[in-house]
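Please look over the sequence and the structure shown here before reading on. The paragraphs after them lead through a few parts of the fold in turn.

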Amino acid sequence: MPTTHKTKVLIVGSGAAGYTAALYATRANLAPILIKGMQPGGQLTITTEVENFPGFPEPIQGPWLMEQMRQQVENVGATLIDDLIVKVDLGRRPFTLIGDSGNRYVGETLIIATGASARWLGLESEKKFMGFGVSACATCDGFFFRNREVAVVGGGNTAATEALYLTNHASKVYVIHRRDELRAEKTLQERLRKNPKVEMVWNSVIDEVLGAANPPGVTGLRLRDVKTGAIRQLRLEGVFIAIGHTPNTELFAGQLALDGEGYIKTTPGGVATSVPGVFAAGDVQDHIYRQAITAAGTGCMSALDAERFLAENEILAENEA
């Protein structure tokens, strides 16, 4: 039989943002409920080594870090539920969400931490070497490719920015684009053109990511010229897919204000959404930084703001009485 769960703070998503929100809300005695979602642990569960999360002098594994966060949240007493939200009603408070299980979740406040999903090329070989030379985050993984040759796939601002960042680490950066000109801003294009480490590969797509099995790792790319059909190979050790991210906001379209790319709009410098009592944290509202540490920071902000919202509304209710 379906069950109804009620809470003062309902959290959807179990990445760094969601777990941090749950940690702070629990310590505020708000007894939050966190719905883990489709990918418990978020994008860090497909990241191998993490060197830029404060507090760890040696590289750590992304899945291990998220497991530590989960255990910490459970140890302080938060309720974590394995379910996937399929329906949302934000028309009035308390907010009601329906899970794939059929269970109902009712929250006086809601923290959305559903993240964003990197867009991939859809190749089997790409999936095979994900975390072993294939990445969607240069600032996360670029450090591991010091003095190595890498490629960035894409033609927009994201690809240009990622490529320029990688020149700080890699010995050479190929920018692979299916057209003969970039969509990136002209200033970024000019910086790419002037950088001696960057080589443009025009009118080309990846047919296959090449690699070794033991130890696993990328060794090159097989490229196809979209105009001539000619095949060529590039020898390199890293591939960064920079064709954009898709925020996981489908459930909230029409109920929350979203920007042109589908990210949840929040108050400048804050986490409040267009619906009072609903807050957004992490990559679902951040298409600029997209780091675990910034996601955790906004998770903290969301919990503190939810606590403040509840306190203010209890005072209002007393005054009205």
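Predicted model: local features only at pLDDT ≥ 70, side-chain atom pairs only at ≥ 80, totals over all residues.

Residues are numbered from 1 along each chain as its sequence is written, and side-chain values use heavy atoms, with hydrogens and water left out.

Helices (H or I, at least four residues) and strands (E, at least two) are DSSP runs, numbered from the N terminus. Helix H1 covers residues 16–27, and its 12 residues should span 16 Å at 1.5 Å a residue, which agrees with the 17 Å between its end C-alpha atoms; the expected span is 1.5 Å times one less than the number of residues. Because 10 of the 12 residues of H1 are buried, this helix is largely enclosed by the rest of the structure, where buried means under 20% relative accessible area, exposed over 50%, and partly exposed in between (1.4 Å probe, protein chains only). Among the buried residues of H1 are Tyr 19, Leu 23 and Thr 26. Just after H1, Asn 29 takes a positive phi of about 60°.

Five strands form an open sheet with parallel pairing, in the order S10-S17-S11-S12-S13. Strand S10 (134–135) and strand S13 (198–201) stand at its edges, each with a single partner strand, so one side of each is left without a neighbour in the sheet. Two strands are counted as paired if DSSP finds at least two bridges between them.

Strand S11 (residues 149–153) is mostly covered, since four of its five residues are buried. Five bridges join S11 to the parallel strand S12 (residues 172–176), and Val 150 has Val 173 as its bridge partner in S12. S12 in turn pairs with S13 in the parallel sense over four bridges, with Val 175 opposite Met 200.

On the surface, Met 38 lies in the loop between strand S2 (33–35) and strand S3 (49–50), and Met 38 is exposed, with a relative accessible area of 71%.
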